[in-house]
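Hi,

Here is the structure I promised to pass on.

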Amino acid sequence: MSVRAMNLARPATPLHDRPAPRRWTQIDPMLLIVTVLLIGYGLVMTYSTTAETRTFTGDPMQFVIRGALWAAIGMAAMAAVAVFDYAWLGAFAPLLYVFTLGLLSVVLAIGTSSLGAQRSVNIAGLSFQFSEVAKVLMIIVLAKFFADRRAAVGSPVTMLLGLALLAPAVLLVYRQPDLGTSLVFIAIFFGIAFLAGARIWQLVALVAIAAASFPVVWSLLKDYQRARLSAFLDPYSDPQGAGWNIIQSLIAVGSGGATGKGLTAGTQSPLGYLPIAESDFVFSGLAEDLGFAGAVILFALYMVLLIAALRVALRAKDPFGILIGARIATMLLFQIMVNVGMAISLMPVTGIPLPFISHGGSSLVSICFALGVLQSISMRREPEGP
Amino acid sequence: MRQDDRSFVPVRRFIAFGVAIFVIFSTLTARLYDLEIVRGDYYHQLSEQNRIVRLPVPAERGGIVDRTGYVLARNIPGFAVSVIPVDLPRVREQELAQRLGSLLDISSESVSNAVQAQRIRNPYEPVRISKTPVPREIALAVTERAELFPGVRVDPESIRFYADGTLYAPIIGYTGPITEQELAMLSANGYLADDDLGRTGIENVYEQYLRGTYGWREIERDAAQREIKTLALQRPTVGNTVGLTIDDRLQKLLDAELRKGVDEDKFTQAVGVAMNPQNGEILAMVSIPGYDNNMFARGITQPELDALNADDRHPLVNKAIGDRYPAGSTFKMVTGLSALTEGTANRSTVVNVTARSFSVSGTPFFDWTVHGSLDFVNGFAHSSDIYFYTLAGGSPMAPNVRGVGPDAIAKYARMLGFGAPTGIDLPNENGGIMPDPAWKLATFDEPWTIGNTYQEAIGQGFVAVTPLQLLNAYAAVANGGTLQTPHLLKSVTDASGKAVLITPPPPIRKLDMSADNLRLLREAARKVVTSGHAYMPNAKLPIAGKTGTAEFGDSAGKDSAGRNKLGFHNWFVSFVPQADNTDPTAQIAMVIFTYDSSKSLCELCLNPAVGMTQRILEQYLGANK
C-alpha cells in the first residue's frame, strides 16, 4: 500500500497565493522597544502636567491612571493585531471604508462638542475620538487601493480615484469641525502617493491647485480658523485672543531652558496659561518641564520609531504591506511635525495630538493598532537570507 | 518575494522620505535650540511675569496726638464690600443689586453697573461696591446671610476716626479718596487708585509722615488671575505718629467757653487761638461753627455736603487763619508802636480829649467818650480813638503832635506780620490786607485821605487781619520783639516709638523796634486790664491785653440760622507774663474773636471775649500751678 505523503504545508488562503507564515522571531525589536519607551514617556508627561493640582481639585493621579489603562488597552490591541495576518485587512478594505465613513457620520450626528468642535462620542462613560480611529482605517483603505493599482500608479486616473476615495472622509472630518485631522488625511494621501511611486509632477500639480484655490478654502474656513492662521503670522496682533495660545506656548517652551524646570515644576500649564496642555499643547508642557534635553530625547525616540517603521515597510513582502508601513510612518511624521511646529510657532494652531504624548485614549489605541499592523507585516516578511 | 513586488518598492523615495525625517527634526531642534537655549532666560522671565505679580499691601496711617499724647486721629476697623462677578449668577444679579444697594445706601443701578463692567474686565477679580468703609453691623448682615448675597465678599479695611471730630476738624482736616490727577502725579510714590490721602489740615500738610510705607506681597496667580498662593511678603510699616503742639485741655476749655457763648446767643461765630509767644507753638485753635470731619473720612453724602455749603457761617473754613476781619481797637498797638518807633510820640505824649469828636475838612471823627488828658499808657488803656487818630495823622486837639502817617503804619504793621500769611503749617491761610496809599491808588484808583489814616489808626477801614496774625503780632510784643512762625507740629514718632528729627520753623523776623517801646506797650496792655477797658474782677493772673470792637458787614437781616445780623465783632488779644511785671516772659498769648455779637450784649457794651479769656486762662494756668 502506498502511502501518499501528507502535504504538511499550510494551504494557501484566499488572500495569498502562497502561505504567509507568522514568524515570532521577526518581530521588529527596535519598533517594539521604542513603542514601549514612548508610551512610558507619555505617561510621565501626563503625570508631570496634571499631577500638581494647583488649580484643579480631585485625585491628582486620575489622569495617570486613566492613561495607563489606555496604554494597556493599546498594547493589547497591538498584540492582537500583530497576531492576525494584515492581508485580511486588505480583503476587508471596502468594508473598512464604509465603516470609517459611518464612524465619521456618527460623530457628526451625536458627537459631543468640545471647544466648539464635535469630536468625541461618549460610550459607557468613555469618550472616543472616532477621527483618530478613522485616520488609521483610511491608511489601510488607501494602501489597499494603491497596492491593487500598483501597475497604474503613475496614471492620473489612479490619482483622481484615490482623491475621490479620500474626499468624503476629509469632508466629514472637516465638518466636525476638525481642520487639523482633515489635513492629516491629506498629508497621508500625499505621503502614500509619493512612496507608491506617483509621478512627482502630479503631486506638484495637486499642490499648485491647492495653492490656487486658497482664496476659496479661506472663505470656507470658520472664523476661529482664520483667526488662528492670522495669529500664527503675528501672534501679538491679538495677544489676549487668538494669539494667546501661541504666545503662552512659546513662553512655556522657552522658559524650559536647557534642562527644564523639572517634572511637575512647570508653571504655564498648571496655572492655566497654557490651554489644552494635556493634548494639543502637550509638547509645550514637556519642553517647559524637561527642557531642550527632554525634547531632544523625544525627537530621538520618534526618529527611531519612524526609521523602524520605514524599515518594516521596506522589508514587507508585498506592496500592500509596504504601503501600509509607509503610510503609518507618514501619518506619525506629519502629526509630530504639525503638533511640535504649532507649539514652537512654526505651524498654525490645529488640534492634532502628539503621538504617545498627548493624553487621549483614542489616539493612543489607534497608533498602537497601526504599530500592531506594522509588527504583523514584520512577522510575515520573507526571512533574510539563509 | 516576487520580482514584480520587489520592483514596486521605490527605494529612492524611501531614502528621500528618510531625508525628510532628518530635515524636519533638524528644523524642529534648531528652533527649539533658539527658544530654549538662546532665548531661554527671556522666556523664563516672561513665564515668571505671567504667574507672579507683586501686590501692594497698604500701610496703616499714622495717628495724630496732642502734646500730651492724647489721641486725636486714629484708625478703626471697617469693612469693604465687593462682588466677584464669576460667583454671582446672572439671574440673581438684579435681586442682589437691589438688596446690596439698599443695605449700603447706594442705588441698585450703580451696583449693577459696577458688576457688569467687571464681568467684562475680569470676572474673577472682586470689584468694590461700598464706596466708603462699612460698619461692622452691615458687614455681619452680609456674611451671616451669605445665601442672600451670592458672590459678595467682605474684607476688613480701616476707617479714619477723629475722636473729637468737630472740635479738631479745623486743625486736623480729613482724609479722602485720591483724585485721578493726583494719582497721575503720585503713583510713582506708590499711591494706589483706591488710596485715601490727607485732603486738608494736618492730614494734608503732614501726609509724608502720616502715610506709612506700603509693603508688598508676591503672589502666584493663574491665567484667570486668581490668587494661588503667596510667594513672598514685605510687611508694611505703619505711618509715623504726628504729635501736635496743641494741648487738648486748653482746646476743650476754649471750646467750652466759645460754644457756651454761641449757645446763649451772645454771638454766632467764634475763634479762639492760644500760642506760646516764646516759640510759636499753637496751644489751642478753635473755630466755631466747625464740622464733623468723620463725615468726610467715611465719605460725605451730597446732602451733608450741601448743608455745610449752605450754612452762611462757612463751617468748612478755619476762621483762625482762613478769613480776615477788621482788627478794631486791637490795631492801636500797631499805630502806637509805629509812632513810638518813628519818634513822633513817646510815653509822655499827651492828647487832651476835650470832646467826643473833632472835624477835619467838615468830616467828624468820633471817640466813644470824653477822656480828658491822656498819655500813651492811658490812651491805650482806655482805648481812646482820638488819641490814636492824633498819633497817626495829627489832630486839632494836640497841634504839637505830628502824625506818623499811613506809610509808616503800614511798614510797622507788615513788620509785625500783617498783610502776609504767618506760614503756619496749615493749608488755605489768608494773608489779610495791610493797606497804604499806594495800595489804595492801585486798588481803587483813589488817593489816600486823612480819613483813611484815622480809620486805619483804630483798625477800621481797609485793614483786615486773621485772628492768628493779630495773636502773633501781640505775641511778638509779649516776647520782647521776635515775630514767631506759628506752628502745630511738635513731634514725629515712628512705629517703633523713636522720634523722627524735626526742626521747628525759625522765627519770621526780629522786630526793628526798641525794647523800651515794646515794654511800654506791655505796660499799657496790662493797664487795659487793671484799670482800663477790660476790667477783670477778682483777677488771679497778671493778664495783659487789648480789646477791640469792629463794625463789619451787614447789620440788618438774618443769617441762615435765623439770627439778626448785627455786624459787631469783639476781640480780646491777651498775654500772661510770668509775674505781674512788664518783662517779656509770657508763656501764653491768646486771641478770642466773637463774630456778630448780639443786640442786647452790645447795648451793655460789654466785650464777651474779656470774661471768657479770664475764665479760660485762670482755669488753664491755675490748674497748672
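**Sheets in chain B**

Let's start with an open sheet of 3 strands in chain B, ordered β1-β8-β9 and paired in the antiparallel sense. β1 (52-57) and β9 (227-234) of chain B are the edges, each with a single partner strand, so one side of each has no neighbour in the sheet. On average, neighbouring strands here are turned by 30 degrees against each other, direction ignored.

Before I go on, this is a predicted model: local features need pLDDT of at least 70, side-chain atom pairs count only at pLDDT 80 or more, and totals for chains, interfaces and linings use all residues. Residues are numbered from 1 along each chain as its sequence is written, while chains are lettered from A and ligands numbered from 1 in the order in which they are written.

Helices (H or I, at least four residues) and strands (E, at least two) are DSSP runs, numbered from the N terminus. Two strands pair if DSSP finds at least two bridges between them. Axes are lines fitted to C-alpha atoms (for helices, over the stretch in contact), and angles run from 0 to 180 degrees between N-to-C directions.

Back to the sheet: β1(B) and strand β8 (residues 215-221) of chain B pair over 6 bridges, antiparallel, and B:P56 stands opposite B:W216 in β8(B).

There is also an open sheet of 5 strands in chain B, in the order β12-β11-β23-β22-β21, again with antiparallel pairing. Its edge strands are β12 (282-288) and β21 (544-551) of chain B, each pairing on one side only. Neighbouring strands of this sheet are turned by 10 degrees against each other on average, direction ignored. β21(B) is joined to strand β22 (residues 568-576) of chain B by 8 bridges, with B:T547 partnered by B:F572 in β22(B). Helix α11 (residues 248-263) of chain B lies across β11 (269-275), β12 and β23 (588-595) of chain B, and runs at about 25 degrees to β12(B).

**Around β3(B)**

Strand β3 (residues 71-83) of chain B pairs antiparallel with strand β2 (residues 64-65) of chain B through 2 bridges. The hairpin of β2(B) and β3(B) has 5 residues between the strands, and B:G69 in it takes a positive phi near 95 degrees. β3(B) also pairs antiparallel with strand β5 (residues 152-162) of chain B, over 11 bridges; in β5(B), B:P156 is the bridge partner of B:F79. Another 2 bridges join β3(B) to strand β4 (residues 127-128) of chain B, antiparallel too.

**Where the chains meet**

The contact takes 33 residues from chain B and 42 residues from chain A (in contact means C-beta atoms, placed from the backbone, within 7 Å). On the side of chain B that touches chain A, α2(B) gives the most, with 15 residues. That side divides into 20 nonpolar, 6 polar and 7 charged residues (Ala, Val, Leu, Ile, Met, Phe, Trp, Tyr, Cys and Pro count as nonpolar, Asp, Glu, Lys and Arg as charged, and the others, Gly among them, as polar).

**A helix pair in chain A**

Helix α11 (residues 244-256) of chain A and helix α12 (residues 282-315) of chain A pack at about 15 degrees, with their axes 6 Å apart. α11(A) and α12(A) are therefore roughly parallel to each other (angles under 35 degrees count as roughly parallel, over 145 as roughly antiparallel, 65 to 115 as roughly perpendicular and the rest as oblique).

Cheers

Key
Two residues are in contact if their C-beta atoms, placed from the backbone, lie within 7 Å.
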